[in-house]
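Visitor: I would like to know what the words used for this structure rest on. Please take me through them.

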Amino acid sequence: MSLREGRLIYEGKAKRVYLISNDELIMEFKDEVTALDGARKEHAPGKGKLTASQTAFFMDYLTKSGIRTHFINWDGDRRIHVRRLRMIPVEVIVRNYAYGSFIRRMPLVKPLTRFTAPLVEFHLKNDELHDPLILPEDIIEAELASMEQIMEVKSVALKVNQLLSKLLSNHGLILVDFKLEFGVNGNGALVLADELSGDTMRILMNGKHLDKELFRMGGSVKELVEAYSTLNSILGLSL
Ligand code: ADP
């Protein structure tokens, strides 16, 4: 399905955003891979279609499972059609196993230790400050969201974690951690937005990463695109 052209309103590290009406956007996933807050950047042919298809697949699954998401449809290539939201500039991280920045701030826990209960973290979305960990109180003080919204974000994030962990474990995969972004629609309702793909989730298959960690660890673009293709074939996504 081809999607209408729109006016480019934002270009980020992974996507271009086009406005097609006052409340609808097109997100175009770029054939680029970045790491270290954009410091390492390479052309990655084929990646945009893979991350767009993964986002469409996971968002569609979550929508059908009762989660309010921004997803409308996928064009079969690098673009998805979404509802436009007022974004909350906070990255919500859910962790099932100790990894990445958790280990750096809490070196007393061994990598890949399974948490007794999933952890939900809030980070300010700010590349210059390297997305610092913040408290719910910081979010309220900065008027980015209310306490009620933060409680809802947390409960939706945990529900998403249950759904995605189960879906992936049915395919023999482990969901280590992932990042979510939320926005608010015209009716004031909280909506899950942005992306769900190998770029925003850590997924292990027999100890092997099927996610962007491969590139962060110094792997090549080719390895990364192959790992994303493997994830798609395991999930039964046609490409
Ligand atoms: P970044 O800004 O981190 O480099 P991207 O390249 O992924 O990110 O750009 C996508 C941008 O679109 C992000 O800033 C994200 O917060 C924003 N976004 C995602 N979903 C929506 C939505 N439904 N409405 C408005 N903005 C959105």
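Guide: A pocket is an open set of grid points with protein on both sides within 12 Å along at least five of seven lines. The model is predicted. Its second largest pocket has a volume of about 190 Å³.

Visitor: What makes a residue part of the lining of that pocket, and which lie nearest its centre?

Guide: A lining residue has an atom within 4 Å of a point. For the second largest pocket 14 residues line the space, and Asn96, Tyr97, Arg114, Ser165 and Leu175 lie nearest its centre.

Visitor: Which elements supply at least two residues of this lining?

Guide: Strand S9 (90-97), strand S10 (114-124), helix H4 (147-169) and strand S12 (174-184) do. S10 gives the largest share, five residues. Sorted by class, the lining holds eight nonpolar, five polar and one charged residues.

Visitor: Why is another space called a cavity and not a pocket?

Guide: In a cavity a 1.4 Å probe fits but cannot get out, whereas a pocket is open. Counting cavities of 30 Å³ or more gives one. The largest cavity contains about 70 Å³ of space.

Visitor: Which residues line the largest cavity?

Guide: The lining consists of Ile88, Val90, Val92, Phe122, Ile139, Ala145, Ile150, Val153 and Phe182. S9 and H4 are the elements that give two or more residues to this lining.

Visitor: How do you know what class these residues belong to?

Guide: Ala, Val, Ile and Phe are among the residue types that count as nonpolar. The lining of the largest cavity therefore comes out as nine nonpolar, no polar and no charged residues.

Visitor: Which residues around the ligand come nearest?

Guide: There are 18 residues around the ligand, and Tyr10, Lys13, Lys15, Lys125 and Glu181 come nearest. This shell divides into nine nonpolar, two polar and seven charged residues. Strand S2 (15-21), strand S3 (24-29) and strand S7 (79-83) each supply at least two of its residues.

Visitor: Why can the protein be called a compact globule?

Guide: A compact globule of 239 residues would have a radius of gyration near 18 Å, and the protein has 17 Å, so the value agrees with that description.

Methods. Residues numbered from 1 in each chain as written. Predicted model: local features only at pLDDT ≥ 70, side-chain atom pairs only at ≥ 80, totals over all residues. Heavy atoms only, no water. Near = heavy atom within 4 Å. Helix = DSSP H or I, 4+ residues; strand = E, 2+ residues; numbered from the N terminus. 1 Å grid on protein atoms, 1.4 Å probe; cavity = no way out; pocket = protein on both sides within 12 Å on 5 of 7 lines; lining within 4 Å. Points joined across faces, edges and corners; volume = space filled by probe spheres on them. Rg over C-alpha atoms; globule rule 2.2 N^0.38 Å.
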